[in-house]
Amino acid sequence: LISTIAGGLASLGYFARSLPSGVRLMATGILSPDPNTQLKAGLSVLFPDEFLEQTWENPDSGKEETNFVRFRRLLVKRGRQAREDGMPPQVLRTTFKQVGAVCTHRVPKASLVRMQRHFGPAALVVTGDMDILVHHGNSHVLRDGLGAELLMLEGSGHGAYEQHADEVNAAIQANLLRGEAQYRTKARL
């Protein structure tokens with residue numbers, strides 16, 4: 001599970017604490033007619049400003065650029081690819097539906113217990129400690145409810161999976177191997 005809400009009162013409290021800044025930025029992006037404002041708001045929802053301001057050397061150009069420029073380029077490229085693949089543009093109504101789903105999503109404790117029995121130690125929860133949409137405290141609720149391993153990525157936002165792709169992918173691979181070992185052990189019994 002990456003950047004999701006566990007549900008229940010504790011989770012709702014964490015979500016309410018993160019809500020103002022994340023929703024404000026989303027609204028700025030959604031309501032702005034300016035594509036650059038939309039991209040800036042979208043990236044700021046996904047990544048902390050400190051990360052977006054960091055520079056790196058672009059291997060293609062050899063020039064130094066900020067992570068903001070790098071990820072803006074990636075988002076534009078994905079958008080163009082989606083259009084080429086025949087994906088319709090996301091309409092405002094769809095965005096509000098997604099926000100509504102996030103705001104109302106709840107997982108009862110009994111469901112977490114059932115998932116824990118099913119997945120055992122092969123559950124992994126990934127979060128960024130600077131996520132402004134889903135407070136990292138939700139990940140502790142999920143970890144405890146699922147008996148899962150928690151990967152808390154320091155300095156990461158809602159886009160932790162892209163901000164620390166190598167670390168997240170390694171954790172997912174290790175988790176898959178744990179799950180496979182668990183399955184093989186159960187199959188032998």
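Along the sequence, the secondary structure of the chain follows the pattern α-α-α-β-β-α-α-α-β-α-β-α-α, which comes to 9 helices and 4 strands. Helices (H or I, at least four residues) and strands (E, at least two) are DSSP runs, numbered from the N terminus. The model is a predicted one, in which local features need pLDDT of at least 70 and side-chain atom pairs count only at pLDDT 80 or more, while totals for chains, interfaces and linings use all residues. Residues are numbered from 1 along each chain as its sequence is written, and side-chain values use heavy atoms, with hydrogens and water left out.

Of the 189 residues in the chain, 32% are buried; buried denotes under 20% relative accessible area, exposed over 50%, and partly exposed the range in between (1.4 Å probe, protein chains only). Contact is defined as heavy atoms within 4.5 Å. Among contacts between residues at least 6 apart in sequence, 67% join residues at least 24 apart.

Helix 2 (residues 35–46) has 12 residues and reaches 17 Å from its first C-alpha to its last, close to the 16 Å expected at 1.5 Å a residue. The expected span of a helix is 1.5 Å times one less than its number of residues. The buried residues of helix 2 are Leu39, Ala41, Leu43, Ser44, Val45 and Leu46. Leu43 has a relative accessible area of 0% and is therefore buried. When residues up to four places away in sequence are not counted, Leu43 touches Leu52, Phe68, Phe71, Arg72 and Leu75.

The structure holds 3 aromatic pairs. Rings of Phe, Tyr and Trp (its six-membered ring) pair if their centres lie within 6.5 Å; planes under 30 degrees apart count as stacked, over 60 as edge-to-face and the rest as tilted. In one of the pairs, the rings of Phe47 and Phe51 have centres 5.3 Å apart and planes at 40 degrees, so the pair is tilted. Phe47 counts as buried at 2% relative accessibility, and Phe51 is buried with a relative accessible area of 8%. The rings of Phe51 and Phe71 likewise form a tilted pair, because their centres are 5.7 Å apart and their planes lie at 55 degrees. This pair links distant parts of the chain, with Phe51 in helix 3 (residues 49–53) and Phe71 in helix 4 (residues 67–84), 20 residues apart. Phe71 counts as buried at 5% relative accessibility. Phe47, Phe51 and Phe71 form one aromatic cluster. A further ring, that of Trp56, has the charged end of Arg70 over it, 4.4 Å from the ring centre; a charge sits over a ring if NZ of Lys or CZ of Arg is within 6 Å of the ring centre and within 35 degrees of the ring normal.

Strand 3 is largely enclosed by the rest of the structure, because 5 of its 5 residues are buried. Leu124, Val126 and Gly128 lie on one side of strand 3 and Val125 and Thr127 on the other, so that both faces are covered. Strand 3 pairs with strand 4 in the parallel sense over 5 bridges, where pairing requires that DSSP finds at least two bridges between two strands. The bridge partner of Gly128 in strand 4 is Leu153. Ser139, in helix 7 (residues 137–146), is buried with a relative accessible area of 2%. Apart from its neighbours within four places in sequence, Ser139 is in contact with Val125, Thr127 and Leu150.

Helix 9 (residues 165–188) has 24 residues and reaches 34 Å from its first C-alpha to its last, close to the 34 Å expected at 1.5 Å a residue. The buried residues of helix 9 are Val168, Ala171, Asn175 and Gln182. These residues pack against helix 6 (109–119), strand 3 (124–128), strand 4 (149–153) and helix 8 (160–163). Gly179, also in helix 9, counts as partly exposed at 22% relative accessibility. The C-alpha atoms of Gly179 and Ala122 are separated by 4.7 Å, although the two residues are 57 residues apart along the chain.
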